[in-house]
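Trainee: I'm new to this one. Could you walk me through it, a question at a time?

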Amino acid sequence: MKSIICGICAISLAAFLGGCAPSEDELRTDGIHEYQVGHHERAMDFFQRVLHNDPSDAESLFYMGRIYHTQKQYVKAYANYQAAIDADPGFGYAEATKRYIKEVREQLGDLADPLTVNPRQSEHPVP
């Protein structure tokens, strides 16, 4: 009888612990909170976890772009902003993202030109 009860408890505990992993929504929400309070490295960890499971999560890509932008890593910021728009052109921060893309292009100056060239359409595509 004791072994049956222990077995049931073990199965219940395993089922409970198996369901304890945070959802992508929870991870994203935690990342946004960390971003808002200025903990950008922590926020980045949350967004990277979301993007590991869903590489086209526009909101996480947007916030990764914001973090890189504040760190003056403009190429990475641009790449994340553009990936967010490509993933979902109508997501909640799409208009802000387009403004930030323009801002990053201005900050990069002539260095931004190669970022907008589609290798499949360029005269000398990269292999």
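This is a predicted model: local features need pLDDT of at least 70, side-chain atom pairs count only at pLDDT 80 or more; totals for chains, interfaces and linings use all residues.

Trainee: Which residue just after helix 4 takes a positive phi?

Mentor: Helix 4 itself has 13 residues and reaches 18 Å from its first C-alpha to its last, close to the 18 Å expected at 1.5 Å a residue. Just after helix 4, a positive phi of about 60° turns up, and the residue is Lys72.

Trainee: Are helix 4 and helix 6 parallel or antiparallel to each other?

Mentor: Look at the axes: they come within 11 Å and cross at roughly 30°. Angles under 35 degrees count as roughly parallel. Helix 4 and helix 6 are therefore roughly parallel.

Trainee: And which residues of helix 4 make that contact with helix 6?

Mentor: On the helix 6 side you'll find Thr97, Tyr100, Glu103, Val104 and Gln107. The residues of this contact divide into three nonpolar, three polar and two charged. From helix 4, the contact is made by Phe62, Arg66 and His69.

Trainee: What about helix 2 and helix 3, are they parallel or antiparallel?

Mentor: Their axes come within 7 Å and cross at roughly 155°. Helix 2 passes helix 3 in a left-handed crossing. Angles over 145 degrees count as roughly antiparallel, and therefore helix 2 and helix 3 are roughly antiparallel.

Trainee: How many residues in the contact of helix 2 with helix 3 are charged?

Mentor: Helix 2 brings residues including Glu24, Arg28 and Asp30, and they meet a set in helix 3 that includes Arg42, Phe46 and Arg49. The residues of the contact divide into seven nonpolar, three polar and, for the charged ones, six.

Trainee: Last one: how far apart are the end C-alpha atoms of helix 5?

Mentor: Helix 5 has buried residues such as Tyr74, Ala77, Tyr78 and Tyr81, and what covers its buried residues includes helix 4 and helix 6. Helix 5 runs over residues 74-87, and at 1.5 Å a residue its 14 residues should span 20 Å. The distance between the end C-alpha atoms agrees: 20 Å.

Methods:
Residues are numbered from 1 along each chain as its sequence is written. Side-chain values use heavy atoms; hydrogens and water are left out. Helices (H or I, at least four residues) and strands (E, at least two) are DSSP runs, numbered from the N terminus. The expected span of a helix is 1.5 Å times one less than its number of residues. Buried means under 20% relative accessible area, exposed over 50%, partly exposed in between (1.4 Å probe, protein chains only). Contact means heavy atoms within 4.5 Å. Axes are lines fitted to C-alpha atoms, for helices over the stretch in contact, and angles run from 0 to 180 degrees between N-to-C directions. Angles under 35 degrees count as roughly parallel, over 145 as roughly antiparallel, 65 to 115 as roughly perpendicular and the rest as oblique. A crossing is left-handed if the near helix is turned anticlockwise from the far one by less than a right angle, and right-handed if clockwise. Ala, Val, Leu, Ile, Met, Phe, Trp, Tyr, Cys and Pro count as nonpolar, Asp, Glu, Lys and Arg as charged, and the others, Gly among them, as polar.
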